[in-house]
Amino acid sequence: AFYGYGISVNRINEMKSVKQFSPDYIEGCKWMDENLPKGSYTINLWGTPCQFYASKINAVWTDLKELPDILFSNSDDKVMPLLQRNGITYIVAAKFSISDSNVVTSTPLSFVKYLSSSNKFSLVYENPSTLIFKVNYG
């Protein structure tokens, strides 16, 4: 009985690093908690774990019905009204989730390039794992 227990404990210890978020990503979440206005709405694929470190920030992803239009249109004319209607003020991209695939379980590389090139967004924070863009309305 103890043999199986030992193998399980060893496997759990091996998997521990896989189940953890990047310390840099966690630092980005803490930065948001310290620097963004209370109640800010963010688009953030990993918003739920991030809210543990940034409790005053609201994160949306799967519950945002217009998310595919926001992620894949890459046009200010289409994206900005959707962001404004949903009260989004910041967009968070975890670098470890940026991908060329067109699925909402990753942040599309084309979307990150769009954010970086449009004057409607300002990069306000970056570290090795995290990009945080502010939405510039007006």
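The model is a predicted one, so a few ground rules apply: local features need pLDDT of at least 70, side-chain atom pairs count only at pLDDT 80 or more, and totals for chains, interfaces and linings use all residues. Residues are numbered from 1 along each chain as its sequence is written, and side-chain values use heavy atoms, with hydrogens and water left out.

Helices (H or I, at least four residues) and strands (E, at least two) are taken as DSSP runs and numbered from the N terminus. Two strands count as paired if DSSP finds at least two bridges between them. On that basis, five strands make up an open sheet with the order 2-1-3-7-6 and mixed pairing. Strand 2 and strand 6 sit at the edges, each pairing on one side only. On average, neighbouring strands of this sheet are turned by 25° against each other, direction ignored; axes here are lines fitted to C-alpha atoms, for helices over the stretch in contact, and angles between N-to-C directions run from 0 to 180 degrees.

Buried means under 20% relative accessible area, exposed means over 50%, and partly exposed covers what lies in between (1.4 Å probe, protein chains only). Strand 7 pairs with strand 3 (residues 88-94) in the antiparallel sense through five bridges, and there Ala94 stands opposite Thr130. Strand 6 (residues 121-127) also runs antiparallel to strand 7, and six bridges join the two. Strand 6 and strand 7 form a hairpin, with two residues between them.

Helix 6 lies across strand 3, strand 6 and strand 7, and runs at about 50° to strand 7.

What about the inside? In soluble globular proteins, nonpolar side chains tend to be buried together. A nonpolar core is taken here as a set of buried Ala, Val, Leu, Ile, Met, Phe, Trp, Tyr and Cys residues joined through side-chain atoms within 4.5 Å. The largest one has 23 residues, of which Ile43, Ile70, Leu83, Ile91 and Phe121 touch the most other members. Helix 4, helix 5, strand 3, helix 6 (109-117) and strand 7 each supply at least two residues of this core. Leaving aside residues up to four places away in sequence, the contacts of Ile43 include Val60, Trp61, Leu64, Leu67, Ile70 and Leu83. There is also a second, separate core of 12 residues, with Met32, Cys50, Ala54 and Tyr90 among them.

Finally, the charged side chains. A salt bridge is a side-chain nitrogen of Lys or Arg within 4 Å of a carboxyl oxygen of Asp or Glu, and a search of the whole structure turns up three. One joins Glu27 to Lys30, with the closest N and O atoms 3.7 Å apart. Both residues lie in helix 2 (residues 23-35), three residues apart, or about one turn of the helix. Glu27 is partly exposed at 41% relative accessible area, and Lys30 is partly exposed at 32%.

Another salt bridge pairs Glu66 with Arg85, the closest N and O atoms being 3.2 Å apart. This pair links distant parts of the chain, 19 residues apart: Glu66 belongs to the loop between strand 2 (58-60) and helix 4 (67-73), and Arg85 to helix 5 (residues 76-85). Glu66 is buried, at 10% relative accessible area, whereas Arg85 is exposed, at 58%.

Lys95 and Glu126 also form a salt bridge, with the closest N and O atoms 2.8 Å apart. Lys95 lies in the loop between strand 3 and strand 4 (98-99) and Glu126 in strand 6, so the pair ties together parts that are 31 residues apart in sequence. Lys95 is partly exposed at 28%, as is Glu126 at 46%.

Note on methods. Contact means heavy atoms within 4.5 Å.
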